[in-house]
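Here is a short briefing to read alongside the coordinates.

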Amino acid sequence: MDISAQDRRRAFSHWMRTGIWSGGPDASGIEHKFNPYHDPRNGQFTFAPGGPRSLSHVVISYGHRANSRALGLARSSPAPSQTALTRDPAVVMDGQLSQAVYRPDESPARIESASSSRNPRAARGSNSGAFRDPMTLEQVFPGLRSTPAGGIVALADNLFDLTGPLRAANAVLVQNWTNQLVNQIRVLAPGYRYDSFGFPQTLQGQANQLNHLRWTRAAAFLRVKGELRPIEVETLRFMQESADRAYDIGLRKLRAGRLKVRLSEQEALGNFVDQQVRADMRERYALFGIRSDGAGPVRVNRRENDSSGSELSYRRPDARVGAIAFDVTLTPKNLQTQQVRGFFGTDFRPTHVIIVRPRQLGSGHTYVITRPELKR
Amino acid sequence: MNDTIDNPYYNPEPYVPASLSEIYDFLAVLLGGAPTFVDETGFYPERNIDTRFHQLTEAFAKVRKKLGEDRYAKLIDLAARAKALFVADPNDDNGKTLEGCKLIWEIEDIIQDARKRRVKAKLKDDEGEVTGD
């Protein structure tokens, strides 16, 4: 199709602003498509972030804005030669760039290893820190807020593995994280002071220190603000760790004949895990001055009445924090499970039931069930 | 860690089970921790066999009235014998740990029996509910 020079300029201007080519195919019959994502190695189009290959090894540029700026630069100046780029030596293999991310917005433009690349959202003031240090269940269960009634949401992978990030971190980062937690606690409790015998030398010791401070922060939120969300998260984190540990110990003890088997070995193991986790929970709450015996919003294995029927009935969730019920189990449970429906039917009307299963049982071990529409 | 000073969010007093159901759960901790009861995570560095059995016997004292004197005396005796067996088998290689675990099972039977009796007699717990506690 032939278009006038004026129409072509107008179409080009429109394309520059919107990415949409309104001039139709050119004389060769080839249509033009706007794609801000290019592979800097060969100039070919690549998938956008979130595309099917983006999680493997596709090279992407640094967001729309950065690309727009880069495009403008490219129009007004000669294309930078490869020598004008700052390259991360780690990405150069046999003279070829591999597994790299192109950062055209930096001066000079830079290519760095994809594995060491920063999170581009972090530079924009994202909430990525929430995924390292979650304080609400919405940060723990991605998509929870928009899940329909009765829906199930799985736990984010590796969210509870404090030692995972620590392996990649160094003492300075752990110390910074420690200081950040102490400062957060001081905002709530100005007189707070954290004394220790020195900076922990082991990974486990550092994880314990951070856990200690996270629990202190959650306890402070609970007592000073009446805010339950941090303690909900710490409860879940600790319950998961306790269930994992209890499952390992239980299996060992079962094989050694140390557990009393009545109905079956599975029942004996399940009972052991339940009891161990509940005892762990009570001890942990007590350590941070949180009552779990029924006097407050945090309750461990307490009777929760259901007065909706003609006769009073009750359920005993392993733990309850505010309107969240927690159940530790080896067996998967869902809304068809009478016990789970029973939890939702109790008078405290839980908004969510969290099913906690040992991680050794495989993916999808722990999940949250949102409250269904129940007739009362 | 030692942050008891200026820290209202840390309770230095050891947790002591305060009801029959809490004692029942705590018995799993004893079975799991025998014979040394050292905390493998390092979060509770002060934990050992003495602290664990102190928690247990203090818990018996808390529910002494609900247990009755005979059961209470029996439980104290079982706890002492179990602890002695665990102390005598620190490496878990001479069979005494298993014997100690069997005494913990006996304790469990007594606690569960007491709970059943309280439910049958419709005796209320501290919250005014019939739960066996």
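## Where to be careful

Residues 1-5 of chain B have a pLDDT that stays under 50, and the model gives this stretch 12 contacts beyond four places in sequence. Where pLDDT is low, the predicted coordinates should not be read in detail. This is a predicted model throughout, so here is what else the predictor says about its confidence, followed by the two chains and how they meet.

**Confidence**

- Chain B has an average pLDDT of 93, and 95% of its residues score at least 70.
- For the complex, the predictor reports an ipTM of 0.94 and a pTM of 0.73.

**Chain B**

- Chain B contains five helices and zero strands, and its pattern along the sequence reads α-α-α-α-α.
- The C-alpha trace of chain B spans about 45 × 45 × 20 Å along its principal axes.
- Of the 133 residues in chain B, 34% are buried.
- If you take the contacts in chain B between residues at least 6 apart in sequence, 59% of them join residues at least 24 apart.

**Chain A**

- Buried residues account for 32% of the 376 residues in chain A.
- Among the contacts in chain A with a separation of 6 or more, 53% are between residues 24 or more positions apart.

**Helix 6 of chain A**

- Helix 6 of chain A covers residues 171-188, and its 18 residues reach 26 Å from the first C-alpha to the last, close to the 26 Å expected at 1.5 Å a residue.
- Which residues of this helix are buried? They are A:Val174, A:Trp177 and A:Ile185.
- Viewed down the axis of helix 6 of chain A, those buried residues fall within an arc of 75 degrees, so they line one face of the helix.
- The face turned away from that buried side carries the exposed residues A:Val172, A:Asn176, A:Asn179, A:Asn183 and A:Val187.
- As background, an α-helix has 3.6 residues a turn, so residues three or four places apart point the same way.

**Helix 9 of chain A**

- Helix 9 of chain A (residues 265-287) has 23 residues, which at 1.5 Å a residue should span 33 Å; the end C-alpha atoms are 33 Å apart, in agreement with that expectation.
- Just after helix 9 of chain A comes A:Gly289, with a positive phi of about 70 degrees.

**Where the chains meet**

- The contact between the chains involves 37 residues of chain A and 30 residues of chain B.
- On the side of chain A that touches chain B, helix 7 (203-225), helix 8 (229-255) and helix 9 of chain A each supply at least two residues.
- Helix 9 of chain A gives the largest share of that side, with nine residues.
- By residue type, the side of chain A that touches chain B divides into 14 nonpolar, 13 polar and 10 charged residues.

**Nonpolar cores**

- The largest nonpolar core has 78 residues, and A:Met239 and B:Leu27 touch the most other members.
- Leaving out residues up to four places away in sequence, B:Leu27 touches B:Ile104, B:Ile107 and B:Glu108.
- A second, separate core has six residues, including A:Trp177, A:Tyr194, A:Ala207 and A:Leu213.
- A:Trp177 is also one of the buried residues of helix 6 of chain A.
- More generally, in soluble globular proteins nonpolar side chains tend to be buried together.

Definitions and conventions
Residues are numbered from 1 along each chain as its sequence is written. Chains are lettered from A and ligands numbered from 1 in the order in which they are written. This is a predicted model: local features need pLDDT of at least 70, side-chain atom pairs count only at pLDDT 80 or more; totals for chains, interfaces and linings use all residues. Helices (H or I, at least four residues) and strands (E, at least two) are DSSP runs, numbered from the N terminus. A residue is buried if 20 or more other C-beta atoms lie within 10 Å of its own, exposed if 12 or fewer, and partly exposed in between; C-beta atoms are placed from the backbone. Two residues are in contact if their C-beta atoms, placed from the backbone, lie within 7 Å. The expected span of a helix is 1.5 Å times one less than its number of residues. pLDDT is the predictor's confidence in each residue, from 0 to 100. Ala, Val, Leu, Ile, Met, Phe, Trp, Tyr, Cys and Pro count as nonpolar, Asp, Glu, Lys and Arg as charged, and the others, Gly among them, as polar. The arc is that of the directions from the helix axis to the C-beta atoms. A nonpolar core is a set of buried Ala, Val, Leu, Ile, Met, Phe, Trp, Tyr and Cys residues joined through C-beta atoms within 7 Å.
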